[in-house]
Amino acid sequence: MIYLRLFLSFMKIGFCSFGGMTMIPVINDEVLRFGWMTPEEVMEMVAVAEMTPGSLGINCATFVGLRTAGFPGALCASLGVMMPSLTLSMAAAHFIFRLKGNKYLESALRGVRPASMGMLAAAAVTLGLTTYFPQNTISWNMILIAGFSGFILIKKKLSIPKTILIAAALGIIFG
């Protein structure tokens with residue numbers, strides 16, 4: 001019964017939030033409602049989930065499930081939080097493949113592409129401003145690391161993981 005409860009609770013979290021920080025209140029409510037953790041433990045879990053690689057939702061679901069019902073609980077909670085996005089992605093893929101060549105779908109996708117690029121550009125500008133111009137100063141070391149990383153990635157065709165490692169090393173040295 002605990003496995004079903006974990007699955008359904010985290011599926012609700014996946015449906016009722018849009019990822020990232022918006023999940024925290026819903027996770028907090030569900031976890032506290034069932035007494036799976038204390039408020040202090042929820043705060044610690046969110047802090048650890050933010051520091052570890054991966055999405056906040058999956059990390060929290062795995063942590064709560066593991067703590068509550070062991071490995072099967074972690075699996076149930078993680079599958080629950082992924083279920084909404086997996087279902088919607090599979091449905092979208094089904095309709096996109098089925099309607100391939102449909103002039104309305106093609107027109108809609110042509111409209112979505114520039115909007116997606118605009119959102120990526122807005123995120124890049126926002127992150128760039130906070131990274132390269134913190135507190136209204138110019139962070140020359142970060143600009144040089146970014147320029148060097150871009151150069152070795154594009155011109156030297158270095159792999160992304162190697163480029164990230166080199167950038168991290170330069171950040172340690174010049175950061």
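Modeller: A disulfide is a pair of cysteine sulfur atoms within 2.5 Å, and by this rule the count in this structure comes to zero. The model is predicted, so local features need pLDDT of at least 70 and side-chain atom pairs count only at pLDDT 80 or more, while totals for chains, interfaces and linings use all residues. Residues are numbered from 1 along each chain as its sequence is written, and side-chain values use heavy atoms, with hydrogens and water left out.

Biologist: How do you know that C16 is in no disulfide?

Modeller: For C16, the nearest cysteine sulfur is that of C60, 16 Å away, and the limit is 2.5 Å, so C16 is not paired. C76 is in no disulfide either, with the sulfur of C60 as its nearest at 17 Å.

Biologist: Why is the pair of F34 and W36 called stacked?

Modeller: Rings of Phe, Tyr and Trp (its six-membered ring) pair if their centres lie within 6.5 Å, and planes under 30 degrees apart count as stacked, over 60 as edge-to-face and the rest as tilted. The centres of F34 and W36 are 4.9 Å apart and their planes stand at 20 degrees, so the pair is stacked, and the structure holds one aromatic pair.

Biologist: What makes W36 count as buried?

Modeller: Buried means under 20% relative accessible area, exposed over 50% and partly exposed in between (1.4 Å probe, protein chains only). W36 has 12% and therefore counts as buried, whereas F34, at 28%, counts as partly exposed.

Biologist: Why do E30 and K12 count as a salt bridge?

Modeller: A salt bridge is a side-chain nitrogen of Lys or Arg within 4 Å of a carboxyl oxygen of Asp or Glu, and the N to O distance for E30 and K12 is 2.8 Å, so the pair meets the rule. E30 is in helix α2 (residues 23–33) and K12 in helix α1 (residues 2–16), 18 residues apart, where helices are DSSP runs (H or I, at least four residues) numbered from the N terminus. E30 is buried at 3%, while K12 is partly exposed at 37%.

Biologist: How many salt bridges does a search of the whole structure find?

Modeller: The search finds three, including that of R67 with E41, whose closest N and O atoms are 2.8 Å apart. R67 is in helix α4 and E41 in helix α3 (residues 39–51), 26 residues apart. R67, at 44%, counts as partly exposed, and E41, at 22%, is partly exposed.

Note on methods
Helices (H or I, at least four residues) and strands (E, at least two) are DSSP runs, numbered from the N terminus.
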